[in-house]
Amino acid sequence: MKTFATEFIRNVALVGHSGEGKTSLAEAMLYMTKTIDRLGKVDDGSATMDYDDEEIKRKISISMALGYAVRNNVKINILDVPGFFDFEGEMVAALAAADSAIVVTSASGALTVGTEKALDMCLEKRVPAFIFVNAVNKENSDFMSTVDAITAKYNKVVPIELPIMEGGKMTGYVDVFTGEGFTLDGKSASVPAALEAKAEEYKGKLMEMVAETDEELMMKFFEGEAFTAEEIQKGVHAAIDSDSFIPLMAGNATTCTRVDGLMDKIVDLLPSPAKAHKHRAVKDGQTVEIECNSAAPFAAQVFKSVVDPYVGKMLILKVISGKLTSGDTVFNNTAEKPEKVGTIYVLKGKKQEPVDCLEAGDIGALSKLVYTNTNDTLSSPDFKLDFEKIDFPKPVISYAVRAPKDEEKVIQGLIKMQDEDATFKVEKNAETGDVLISGLGEAQLDIMCKRVKNKLGLDITWQEPRVAYRETIRKTAEAEGKHKKQSGGAGQYGDVFIRFEPGAEDGEFEFVDAIVGGAVPRQFIPAVEKGLREAIKKGVLAGYPMVNVKATLYDGKYHPVDSKEIAFITAAKLSYQDACVKAAPCFLEPIMEAKITVPGDCLGDILGDMNKRRGRILGTDSAEGGKQVITVEVPQAEMFRYATDLRSMTQGRGKFSVKFLRYEEVPASANAKIIEDAKKREEEAKK
C-alpha cells in the first residue's frame, strides 16, 4: 500500500439510520475500486465491515469499521458507522476523525429519525455533509418525496443529480448543474419531461448558494450573468466548507448503481484534511488550532480502540500533523509517557495491512502500545500538546450483572469491553455491592454481555440495580443498651443510655458526650462512639445505611473489673437497635435532576409520563430546531428504564441526562416493597 499525501486523502464517515444501507455502500465502494475482489452482503454475513459474530447474527452494525477505496489516485478512508441509537458513541468518534460525512438514507418518501439525527450532528459539529439516497430501485421507493421531506426541514440540502427511473429501475441521471441527462455508463440520454422543471428549479437554488459565497458572484447573479464552470466549482466548495450547502444524489448500493459517481463527488467536492476544519488543542496552557500539514511536527489523536484476538488492542488514530513512521518514538501527552511505534496498519474490516508510514490527514492503527487509550494524544517528544477530547455521550441506563460462576472473570471480561466502546462503563457500587454495567441502551448492554458470555462460555444475567436507599429517623427516642457476659474467668460488662434524634451537624452522624460524674469512664466513651458508627452502617428497616442521626450518650454504668472496650461497643449497638425502631424510621431515596430534550410535539406526552414517575417539573426551555428542554426532579428508582421508554415515546428523537441532587423521604406506601426486596436479595445472597 503506497503512502498518500494529505491533499490526496478524503476521510468520510457513513452515517444515518440503521438498515438504510451504509455497510452495503461501504462494500460497494471497496468492490468498485478493487480493494476487495468479491461483493459481500450484509444479509448473508459476508460484508467486509460487519465481521463481529453479533453483527453477523443480528444483521446490524454495532461497531465502527474502517476500510479504504482509491478513486482517481485519491485515497478515500471509509468509516462505516452503526445507525442503531445505542451506538451513538461510534458516530461521535467517527465525526471527530472524519473531514466529511455521507448521510445514507433510503428512498422511503420520508425523513427518517436516523437521517435527522445524523444531519443535526454534522451541523452541530461543523462536519460537511453529503446525502446519498439509497435503494431507489426498491419497490415502492419514492425519491422525490424523500427529497421533499428532507428539504422541508433542511433548506441547505439541494440535489445535484436526479435519477432517471424506468419501470422502477434507475437507468440514468440528470446533472442538475448542466441540465444534461446521462445513462449509468456515462453516455448522453434524454431528460424526461417530468424532470426538466425540477432540474431547473434545483439549478436555480444551486446558483443562489454559489452566489452567496462571494460578493462578485452575488453581483453577477443579480445582473443575470451565467457563472463559469470554475466559478461554480469554487462556489460549491466554499458553500460545502462553510456548512451552508449539503449536496444530495441517488443510487443503489447493493447493485453498485451510481456508487462510482458518489466517489467522484467525494473526490471533487468534499474537503481534503488540509482544507477541512482545523483541530483544537491545548499547548503550553493555550488553546490553539492545528492544521493538517505533513511538514509540521507529528501529532495524532486516538479515536477508537478495537480488541483483536490475535494482535491485542488495536488503537485507531488520525494523524493530524506531520507523519508517523514505523520505529518512531512518540510521546503520549495524556499519560505523559513515551511510546515506541511498531508496525503501522491500515484497516479493511477485520484485516490489517502493514504500511511504512502515514502522512498528515491519514487514518491507521497501531498495536502493542503500553499506555495509550481512546482519546489520547500522541506527538513528537518535542511538540507536546493535547487535542480537545472527544465528548462521548454519557451512559443513561444501568443494570446489575450476575455471574453464578467465575464472577471475577466475567467482570474482567466486561471491563475489557470498555476499551472498545467509550460509552460503556463497568463499576462496582460500593453501597449496594452491585456490579453495574452502564451504557446508552438495552441492546448495547445485551450485546456486551453476549460477547463476554460467548468468549468465556459462562452464564451472565442482568437485572435492574438496587437503589442506594438510606434510612433515617424522624422522632427522638432513648434506649438503654446493656451488655453483660459471664462465662467463668473475666466477664464483660457495659451499660449505656443514649438519646437518638434527627439532625446530625454534618447530615450523616453526630456523637455527643453528655456524661457527668464518671457514669461511663473516659476511656470507654470512644468505644461507645465506635459501636454507634459501626451500627449506623445498617439501618433498622432493611439494612440500608442510617443517616442524619444525632446520638447523645447521657448516662451509663460500668464494672471496675469486667468493663472492657468491646462491652461498650456492643452495648452501644443494642441501644441503637432498640431506640431507632421507636424513633419513626423511614427510607430516603436518591433524587435526580433530569434534563430531557424532545421535539415540541412530544412535550405533552413527556410531561404526563414524568408525573406518573413522581417527577416534579421545574421548567421548560426552547432549544434549536423546535425542541424543548424539560428540567425535572425525579426519583432514581423511576428512571432505570427511561432510556428505552423515552426512545419509544419520541421515536428515537429524545435524549436526556441525569445527575444526583439529594435524598428525600420515600412515600410510606413504598416501604413494604423496599423491605420485601431487601429480604429477597439477602436470601439470594445466602444461596
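## Around K205

K205 sits partly exposed, with 38% relative accessible area. That figure, like everything here, comes from a predicted model. The partner to look for is E201: the two side chains meet in a salt bridge, with N to O at 3.9 Å. E201 is partly exposed as well, at 35% relative accessible area.

Where do E201 and K205 lie? Both are in helix 6, which covers residues 193–211, and they are 4 residues apart, or about one turn of the helix.

## An exposed pair

Now have a look at K394 and D391. They form a salt bridge, and their closest N and O atoms are 3.6 Å apart. Is K394 buried or exposed? K394 counts as exposed, with a relative accessibility of 58%, and D391 counts as exposed too, at 56%.

D446 counts as buried because its relative accessibility of 19% falls under the 20% cut-off. K450, at 28%, counts as partly exposed.

## The overall tally

Side chains of opposite charge can pair when their charged atoms come close. How many salt bridges does the count come to? It comes to 44, including the one between E201 and K205.

Conventions
Residues numbered from 1 in each chain as written. Predicted model: local features only at pLDDT ≥ 70, side-chain atom pairs only at ≥ 80, totals over all residues. Heavy atoms only, no water. Salt bridge = Lys/Arg side-chain N within 4 Å of Asp/Glu carboxyl O. Helix = DSSP H or I, 4+ residues; strand = E, 2+ residues; numbered from the N terminus. Buried < 20%, exposed > 50% of the residue type's maximum accessible area, 1.4 Å probe, protein only.
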